[in-house]
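The following paragraphs lead the reader through selected side-chain contacts. Please keep the model in view while reading.

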Amino acid sequence: MDKPNPKSSSFEAYARRRFRMAGSALLEGGHPWFAATDKVAEEAAGKPGGYVSFAHYDYLGLLKDPRVTAAAKQSIDDYGSGAGASRLVGGERSAHRKFEEDMADFLGVGGTLAMISGYLTNMSIISHILGPRDLVITDDLAHNSIVMGAKAGKFAYKKFRHNDLDHLEHLLETERSNYARVLIAVEGLYSMDGDLADLPRLVDIKERHDAWLLLDEAHSYGVLGETGAGLCERCGIDPERVELQIGTLSKSFVSSGGFIAASREVIEWLRFTLPCFVYSVGLSPATLATAQAALDILRAEPERVRQLRHNSQLFLSKARAAGLNTHTAQGEAVIPVLFQTQAQTLAVSQILLEQGIFAPPIIHVGVPKDLPRIRFFISAGHQEADIDRVVTALAEAAEMTADLAGKAVGT
C-alpha cells in the first residue's frame, strides 16, 4: 500500500485547494477587499469631492456623531474596557438591562436580549428552538447566518424561492403535517438585493399553517417605518404576531453585536438557556454605550429616518434614469447596481475608488456568479452632491468598461 504524500495531505495543501475552489484566482494581481479605509480616505482627500463611502452600514449618519463617541469614551472611564465574563455567571452592568428594556419599548415587544454577535444570534437561535421532529423553511436568499443556522441542527430544512409566497404556501400545504413544529425564516430588508418581504401575507400564512416566523430585521431597524421600528411598523403589523425578530447593533446603531426581540416570557427562557448568550461574554461597556446613544438619538430625531428614505429614493431614481440595473431594490437604504460580468464589476469598482468613492464589488460567493454587483449602502448623512457624483461616475465607468461585459475574470 502506497504511503500518503505528506505534501498533498497536509492542512496547508487542503487549504490551498479549498481556496482555489472558492475562487482565489480573482485575487491575482491585486484586489479591492480588506482595504484600509483610513488610508483610502487620506489618499482621496485631494480628489474632487474628497472621500465618500457607500460601503458602510451607517444608515442614520451616527458613526462619528460626537454624542455617540462621547458616550463610548465615558463608559470606558466609568466601567473599564470589557464586560469581563458571561452575564449569567459574571453578572451584568445595569446598562445592559436598561438598553434591552429601552429597545423593547422602542420596538413594541415584550423584551429583547443582546448578544456579542449578530451572525451567531441567528445560528444559535434556530438550532436552539428546533429538534428532530421539526422543520425550518427559509427564503432562498436569506442571509448566510440563517442558512448556517438552518443546517446546524437535526431538524429538516427546506427553502422557498425568493419572495415567492405561493411556493412557501405549497411547501406548507404538502409538508406541515409531517412535522411537530415549523419555523419560517426570512429577512425584512434583503441585504444583497434591497427588496422587502411581504410581511402581512407571511403572517397570514404562518398563522393559518400553525407555524412560527423568524424575521431578521438587521437592515430594517432604523430604516423602515416612520420611526425606524422596522418592517412591522412599515406594514402596520403588531410585532407581537411575529415570534422572533432578530436585530443587529452594527448598522443603524453603529456598534457591534446582535439581539433577539420576542415576548417577555420567551426572552426570559432564552436568557438562561440560549448558548450564544449563556456561553459568550456580555457586550463591552463601550459597545453598549454606543448602541444606547444611537438608540436614544434615533428616538429623539426620527427625521433621520425620513432623510435616509429621501436619499435612498433619490439614489434609486437617479440610478435608473442613468440606465443602471438596480435589480429589485425598493429604495430603502440598500441598493445594488448589477453588471454583466465579474470582470466589469471589478473594473467599475476600481474606477470609483480612483475617484475617492469607496464601494467594493460583490461577486461570487456572496451572490450568484451571474449576478455580480456593487452594493450601495445609503446614509442619512449623504448629501445630494454625493449621490449625483457616484451615479455620474457609475454611468461613465459602465460605459468605459462595456468591453468587459462579456469577459470573464482572468481571460
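Phe315 counts as buried because its relative accessibility is 0%, where buried means under 20% relative accessible area, exposed over 50% and partly exposed in between (1.4 Å probe, protein chains only). The model is a predicted one, in which local features need pLDDT of at least 70 and side-chain atom pairs count only at pLDDT 80 or more, while totals for chains, interfaces and linings use all residues. Residues are numbered from 1 along each chain as its sequence is written, and side-chain values use heavy atoms, with hydrogens and water left out.

Rings of Phe, Tyr and Trp (its six-membered ring) pair if their centres lie within 6.5 Å; planes under 30 degrees apart count as stacked, over 60 as edge-to-face and the rest as tilted. By this rule there are 7 aromatic pairs. One of them joins Phe54 and Phe315, whose ring centres are 6.0 Å apart with planes at 45 degrees, so the pair is tilted. Phe54 belongs to the loop between β1 (52-53) and α3 (66-79) and Phe315 to helix α14 (residues 303-321), so the contact ties together parts that are 261 residues apart in sequence. Helices (H or I, at least four residues) and strands (E, at least two) are DSSP runs, numbered from the N terminus. Phe54 is likewise buried, at 0% relative accessibility. Ring pairs link Phe54, Phe315 and Phe376 into a cluster.

An edge-to-face pair is formed by Tyr57 and Phe377, with 5.0 Å from centre to centre and 70 degrees between the planes. Tyr57 lies in the loop between β1 and α3 and Phe377 in strand β12 (residues 373-377), and this pair links distant parts of the chain, 320 residues apart. Phe377 is buried at 2% relative accessibility, whereas Tyr57 is partly exposed at 32%. Over the ring of Tyr57 sits the charged end of Lys251, 4.2 Å from the ring centre; the criterion is that NZ of Lys or CZ of Arg is within 6 Å of the ring centre and within 35 degrees of the ring normal.

Charged pairs come next. With a salt bridge defined as a side-chain nitrogen of Lys or Arg within 4 Å of a carboxyl oxygen of Asp or Glu, a search of the whole structure finds 27 salt bridges. Glu100 and Arg87 form one of these, their closest N and O atoms being 2.8 Å apart. Because Glu100 lies in helix α5 and Arg87 in helix α4, this bridge ties together parts that are 13 residues apart in sequence. Glu100 is buried at 2% relative accessible area, and Arg87 is buried at 6%. Both residues belong to a network of salt bridges that links Arg87, Glu92, Arg97, Glu100, Glu268 and Arg271.

Other salt bridges lie within a helix. Asp102 and Lys98 meet at 2.6 Å, N to O; both are in helix α5, 4 residues apart, about one turn of the helix. Asp102 is buried at 19% relative accessible area, while Lys98 is partly exposed at 43%. In helix α9, Arg208 and Asp204 are also 4 residues apart, and their side chains meet at 3.0 Å, N to O.

Most residues other than glycine have a negative phi. Asp210, although not a glycine, has a positive phi of about 50 degrees and is exposed at 57% relative accessible area. Val254 has a positive phi of about 40 degrees and is buried at 12% relative accessibility.
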